[in-house]
Amino acid sequence: SLVPKGGLLEHLFSINDQTMPLIKEEYSKWKFDDLGLPYPLEVRGFDGKEFFPDYPYREDGLLVWAAMVDFVKDYVTLYYASDEEIVSDSEIQQWYYEALQVGHSGLVEAGTLQIPELVTRDALSKVLVYLLWNFSAQNTAMTRPSYEAYGFPPNRPTMLQRAPPRVKGACTEVTFLEMMPDKGTSATVAGFMHWRSERTAFAAPLLGPQMEDHFLDPDALDCFDRFQTSLKLVQKVIEGRNDRRGAPYMWMLPSMITTGLVH
C-alpha cells in the first residue's frame with residue numbers, strides 16, 4: 001500500500017514513519033476553499049504578478065477555471081429554477097450530508113472546514129466546480145509532470161542518505177553522490193512517478209467529443225457544447241502563450257487535461 005504505516009511512501013521519502021502524522025497535521029488545517037484555485041493562490045501569495053509575471057499554472061489555470069465556473073452555473077440553472085428547489089431536493093441534500101459527515105466528520109465537528117450550506121444554486125455550483133477542477137485540471141497538473149520532475153534523481157531526490165555539507169564549496173562529486181538515494185530507491189521512485197504520470201494519460205480529455213456520452217438531455221448537450229467552445233478558446237490562448245514562453249507549459253491545455261483521478 002502507498003500511504004499507511006510501512007507503505008511505499010515511508011520507504012521512498014525522507015519523512016519515513018512521519019508520513020501519516022504529517023498528513024494528519026496538514027489535513028487538520030484543511031479548508032473547503034482549498035479545493036478551488038483562487039483561494040490557494042491567494043494564501044500562497046501567488047495571486048498577483050508582482051514576483052511572477054508569467055506563472056503558467058496560475059495564468060492558464062485561471063482561464064480553465066473561469067470556463068468551468070460558467071459551465072457549472074449554466075448546468076445548475078438548467079435543472080434548478082430557484083434556490084428553493086435546491087433546498088427541497090432530498091437526494092442532493094443527502095449526498096452532500098454524507099460527503100461531509102462520513103468523509104470529513106472530524107473537520108465538520110471542529111468547525112474548521114468552513115463549508116457552505118447547500119441552500120442556493122450558487123452554493124451548489126461552487127461545490128460542483130471544486131469537484132470538476134480537482135478531478136480534471138488540478139489532477140492533471142499535479143500528476144502528469146511527476147516523471148519529468150522526479151525521473152532524474154539529482155533533480156528532485158526524495159531522500160538524502162547523509163546530511164548535506166553546511167560549508168559553501170565543501171560539496172564534492174563524491175559527497176554529492178553519497179547524499180543521493182541508492183540505485184534501488186531511485187529506480188523505484190522513477191518507476192512510481194512514471195506510473196503516476198501516465199495513469200490518466202488515456203482517460204477522456206476535457207476537450208473533445210468523448211464526454212458527450214454523459215449527456216443525454218438535448219439541453220444539457222447544448223450546455224456542454226458551450227463549454228467545449230469556451231475550452232477551444234482557452235486552448236488557443238494557451239497555445240499562443242506557449243509559443244512565447246521559453247518552455248511551454250502543457251498541463252492546463254484543455255486537450256491535455258484528463259477527467260480521471262489518480263489515487
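**Close-up 1. Buried residues of helix 11 in the predicted model.** Helix 11 buries Thr185, Ser186, Val189, Ala190, Phe192, Met193 and Ser197. Their cover includes helix 1 (8-12), helix 8 and helix 9 (146-150). Met193 also belongs to a core of eight residues, with Leu12, Phe13 and Tyr150 among the other members.

**Close-up 2. Start and span of helix 11 (residues 183-198).** Asp182 caps the N-terminal end. One of its side-chain oxygens lies 3.0 Å from the backbone nitrogen of Gly184.

**Close-up 3. The largest nonpolar core.** This core has 45 residues. Tyr57, Val64, Met68, Leu118, Trp133, Phe227 and Met252 make the most contacts inside it. Helix 4 (56-79), helix 6 (90-101), helix 8 (121-143) and helix 12 (218-244) each supply at least two of its residues. Beyond its neighbours up to four places away in sequence, Met252 touches Tyr57, Asp60, Gly61, Val64, Trp133, Ala137, Ala141, Ile238 and Ile257.

**Close-up 4. The salt bridge between Asp54 and Arg245.** The closest N and O atoms are 3.0 Å apart. Asp54 sits in the loop between helix 3 (38-43) and helix 4, and Arg245 in the segment after helix 12, so the pair ties together parts 191 residues apart in sequence. Asp54 is partly exposed at 41% relative accessible area, whereas Arg245 is buried at 11%. Shared partners join Asp54, Asp60, Arg241 and Arg245 into one salt-bridge network.

**Close-up 5. Salt bridges of Lys29 with Glu25 and Glu26.** The N to O distance is 3.7 Å for Glu25 and 3.4 Å for Glu26. Lys29 is partly exposed, at 46% relative accessibility.

Notes
Residues numbered from 1 in each chain as written. Predicted model: local features only at pLDDT ≥ 70, side-chain atom pairs only at ≥ 80, totals over all residues. Heavy atoms only, no water. Core = buried A, V, L, I, M, F, W, Y, C linked by side-chain atoms within 4.5 Å. Buried < 20%, exposed > 50% of the residue type's maximum accessible area, 1.4 Å probe, protein only. Helix = DSSP H or I, 4+ residues; strand = E, 2+ residues; numbered from the N terminus. Contact = heavy atoms within 4.5 Å. Expected span 1.5 Å × (residues − 1). Polar contact = N/O pair within 3.5 Å; in protein donor to acceptor, adjacent residues only side chain to side chain. Salt bridge = Lys/Arg side-chain N within 4 Å of Asp/Glu carboxyl O.
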